[in-house]
Amino acid sequence: MNNLLRKIGLDEKMARNFWAIIIVAFGGAIIYGLPYFRYDYYDAYLEVYNLTDTQMGVFGSILGVFGMISYLFGGIVSDRFSTRTILTVSLIGTGLGGFVHLLPLNFTALVCLYAFWGVSSLFAFWPCCIKAVRILSGSGDQGKAFGFFEGGRGIGAGLMATGAVFAFKIGAGQMDDQVAGMRYAIIFYSVLTILMGVLVFFTVKEEKMEKSDRVTFKGIGELLRMPAVWIIGFVTFCNYVFTLSMYYFTPYLTEILGATVTFAAALAASKRWFSLLGNVGGGIVTDKVGTGRMLLISFIVMAVGTVGMLLLPQNSGSIMIFTVLFVIVYIFYNVNYAMTWAMMDEGAIPERLSGSAAGLISTIGYLPEIFCSLLAGIMIDQNPGWEGYRNYFGFVTAMLVIGAVLVMIWIKYLNKKKKEEAK
């Protein structure tokens with residue numbers, strides 16, 4: 001297997017640790033199934049739990065607030081403690097929260113549950129994933145490493161979401177009992193997340209991960225003085241606005257274009273299979289043409305595609321064209337999402353500070369979690385129908401344009417840095 005991986009262009013270090021990266025990637029997909037599955041079943045979730053769009057947005061804000069606090073300190077924790085233990089505890093804890101979701105929870109109880117998931121799935125887990133991928137791959141393979149990592153996450157998410165659709169359909173049965181369908185989906189996500197935690201514990205070798213020196217406050221100060229950290233953080237911010245906004249294409253498809261809930265959920269599940277093309281293909285191309293150039297192309301395609309979907313006629317005849325545009329945008333989004341983390345190596349962020357850097361970048365980059373879902377919910381509630389979606393997706397498009405400008409700043413920054421080093 002190593003020989004095959006070397007033939008497709010991976011260096012010895014990454015070829016040796018390839019499966020460890022894939023396992024971490026699967027864990028990085030499955031842990032977010034429970035905190036975010038409500039978007040794949042948006043209309044059913046509203047009905048089952050008697051919620052408004054604004055209340056649904058509150059859950060996203062709760063995740064965002066706890067996530068921001070978690071990322072800030074979780075990155076430091078990931079550089080000081082066992083990566084395998086953090087990954088395992090995070091997965092099992094999140095899965096156990098899923099079983100709590102099966103109880104008859106009111107809105108307040110659901111807010112508490114999402115707050116718990118904000119810590120269990122976001123605290124040190126994500127910085128640990130980024131740190132692991134950097135350590136397990138060579139400097140010349142960062143694009144491919146994060147491409148395979150995000151591609152693996154896409155496959156893992158695709159398998160998980162497809163399984164959840166079947167679980168929902170089995171639970172709903174012939175009588176279309178959405179309450180039972182939701183319970184089956186929650187049980188599926190919960191069991192799968194716990195099992196993934198057990199798999200990570202027994203397969204991810206500790207010695208492969210724990211190579212970075214323990215971070216100090218001096219190291220944090222070093223990161224804060226690096227322009228690369230701030231630029232990557234704000235590029236991630238713009239990209240994450242789109243990440244959260246993708247979930248609203250599902251209700252747009254059902255409410256505005258007239259697609260069925262089953263079709264929309266199936267598209268939400270199947271779209272993840274296209275991530276492999278964007279992640280891996282984009283990673284291979286990026287290692288040849290440069291991160292900045294690839295990111296710039298992706299931001300432009302995402303902005304144009306979003307406007308195109310919004311301008312389609314508001315009837316069922318637009319469903320297929322919408323689906324094609326959505327898949328194209330999703331492929332380039334996955335190029336973007338993976339390559340943002342490859343910027344860390346290109347910006348010369350020290351490997352020993354990978355977890356802390358990922359934590360700081362995530363604190364900035366994932367701030368949209370606090371307000372995006374709430375903003376979308378308010379806009380849609382106050383302006384029902386196409387107008388509400390038009391206003392929100394207009395905001396999303398503006399953020400994508402800002403992202404493209406930030407990438408151009410990044411390219412200029414790297415060119416200036418190269419000239420200074422050449423002197």
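Colleague: Which residue lies over the face of Phe201?
Modeller: A charge sits over a ring if NZ of Lys or CZ of Arg is within 6 Å of the ring centre and within 35 degrees of the ring normal. Here the distance from the ring centre is 4.6 Å. The residue over the face of Phe201 is Arg84.

Colleague: What kind of model is this, and what pLDDT do local features need?
Modeller: Residues are numbered from 1 along each chain as its sequence is written, and side-chain values use heavy atoms, with hydrogens and water left out. This is a predicted model, where side-chain atom pairs count only at pLDDT 80 or more, totals for chains, interfaces and linings use all residues, and local features need a pLDDT of at least 70.

Colleague: How many aromatic pairs are there?
Modeller: Rings of Phe, Tyr and Trp (its six-membered ring) pair if their centres lie within 6.5 Å. Planes under 30 degrees apart count as stacked, over 60 as edge-to-face and the rest as tilted. By this rule, the number of aromatic pairs is 31.

Colleague: Is Phe202 buried or exposed?
Modeller: Buried means under 20% relative accessible area, exposed over 50%, and partly exposed in between (1.4 Å probe, protein chains only). Phe201, at 34%, is partly exposed. Phe202 has a relative accessibility of 60%, so it counts as exposed.

Colleague: What share of the chain's residues is buried?
Modeller: The chain has 423 residues. Its accessible surface comes to about 16700 Å², and 68% of that belongs to carbon and sulfur atoms. Such areas come from the Shrake-Rupley method with a 1.4 Å probe, and for residues only the protein chains shown count as cover. The buried share of the residues is 59%.

Colleague: Which helix gives the most to the nonpolar patch?
Modeller: Patches are made of residues with over 30% relative accessible area and no salt bridge; like charges are joined within 9 Å, nonpolar side chains (Val, Leu, Ile, Met, Phe, Trp, Tyr) within 5 Å. This patch, of about 400 Å², is made by Val65, Phe66, Ile69, Phe73 and Val119. Val119 lies in helix 8 (residues 107-120). The helix that gives the most, with four residues, is helix 6.

Colleague: Which residue forms a salt bridge with Glu387?
Modeller: A salt bridge is a side-chain nitrogen of Lys or Arg within 4 Å of a carboxyl oxygen of Asp or Glu. The structure holds one. Both partners lie in helix 22 (residues 386-422), three residues apart, about one turn of the helix. With the closest N and O atoms 3.8 Å apart, the partner of Glu387 is Arg390.

Colleague: Which residues does Ser121 touch, leaving out those up to four places away in sequence?
Modeller: Ser121 sits in the loop between helix 8 and helix 9 (125-136). At 1% relative accessibility, Ser121 counts as buried. Contact means heavy atoms within 4.5 Å. The residues touched by Ser121 are Ile31, Tyr32, Pro35 and Thr94.

Colleague: How far apart in space are Ser120 and Leu91, C-alpha to C-alpha?
Modeller: Ser120 lies in helix 8 and is buried, at 10% relative accessibility. Ser120 and Leu91 are 29 residues apart in sequence. In space, C-alpha to C-alpha, the distance between Ser120 and Leu91 is 7.5 Å.

Colleague: What is the relative accessible area of Asn336?
Modeller: Asn336 is found in helix 19 (residues 319-346). Leaving aside neighbours within four places in sequence, Asn336 is in contact with Asn239, Leu295, Ser298, Phe299 and Met302. Asn336 is buried, with a relative accessible area of 0%.

Colleague: What is the phi of Asn50 near?
Modeller: Most residues other than glycine have a negative phi. Asn50 lies in the loop between helix 5 (42-48) and helix 6. The phi of Asn50 is positive, near 55 degrees.

Technical notes
Helices (H or I, at least four residues) and strands (E, at least two) are DSSP runs, numbered from the N terminus.
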